[in-house]
Amino acid sequence: MHEEITGIILAGGRATRMGGEDKGLVPIADIPLYQYVLARLRPQVGPIAINANRNQARYRESGLPIIGDLIPDFSGPLAGMLAGLKYATTEWVAFVPCDVPDFPATLIEKLWQQKGSAIAAYASDGERAHPTLALLHTSLATPLEDYLARGERKLMLFLDAARAQQVEFKGQQSAFHNINTLEDCQRWVKEKGIIHE
């Protein structure tokens with residue numbers, strides 16, 4: 001567990017494929033999806049906050065601080081990352097999306113160990129990059145703010161510009177599956193053998 005790393009759950013998106021429903025709050029076996037992500041993140045970091053722009057009162061039921069985007073136009077994950085970098089009192093901030101409940105239990109540890117001298121690192125499953133599962137130094141807040149102010153929105157381009165280190169989690173493709181639709185929810189419940197009360 002890295003006490004000196006703040007964990008941020010990114011729940012600020014529009015969830016267009018979930019019919020506009022707030023993805024993090026979609027119930028799976030009566031538990032909101034983000035709670036599975038939180039349970040996975042908690043042993044890996046110190047303080048945790050949730051980046052959410054809607055239904056903040058419902059996220060507040062978690063007892064965690066809720067931070068909204070600082071820019072009002074839903075600029076995707078980068079806006080949530082900027083909010084997290086500005087909120088954190090630690091030097092390093094780890095980000096995970098609210099819809100990837102099986103991300104590796106060693107995610108933060110491995111990003112930390114393999115970032116080398118880079119000020120940012122992100123996960124890859126060997127086939128695809130997963131830039132929303134990332135570890136960023138808070139010094140990136142200013143360049144990120146400038147990047148968004150220029151109207152840029154592409155996360156991967158920002159990470160490339162920051163010379164982020166890609167960290168591979170070989171053979172763990174299924175750990176990075178995100179839940180985008182209600183069918184994905186049902187499939188995940190089945191795979192996990194989660195029983196409804």
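**Salt bridges in the predicted model**

At 16% relative accessibility, Asp184 falls in the buried class (buried is under 20% relative accessible area, exposed over 50%, partly exposed in between, using a 1.4 Å probe and protein chains only). Its partner Arg187 is partly exposed, at 46%, and the two form a salt bridge with the closest N and O atoms 3.1 Å apart. Here a salt bridge is a side-chain nitrogen of Lys or Arg within 4 Å of a carboxyl oxygen of Asp or Glu. Arg187 and Asp184 sit about one helical turn from each other, because they are 3 residues apart in helix α7 (residues 182–192). Helices (H or I, at least four residues) are DSSP runs, as are strands (E, at least two), and the numbering starts from the N terminus.

A quick word on the ground rules: this is a predicted model, with local features needing pLDDT of at least 70 and side-chain atom pairs counting only at pLDDT 80 or more, while totals for chains, interfaces and linings use all residues. Residues are numbered from 1 along each chain as its sequence is written, and side-chain values use heavy atoms, with hydrogens and water left out.

Searching the whole structure turns up 4 salt bridges. One of them joins Lys86 to Glu145, at 3.0 Å from N to O. That pair ties together distant parts of the chain, with Lys86 in helix α3 (residues 77–87) and Glu145 in helix α5 (residues 141–149), 59 residues apart. Lys86 comes out partly exposed at 45%, and Glu145 is partly exposed too, at 34%.

Then there is Lys170, which pairs up with Glu168 in a salt bridge whose closest N and O atoms are 3.2 Å apart. Lys170 is exposed, at 67% relative accessibility, whereas Glu168 is partly exposed at 32%.
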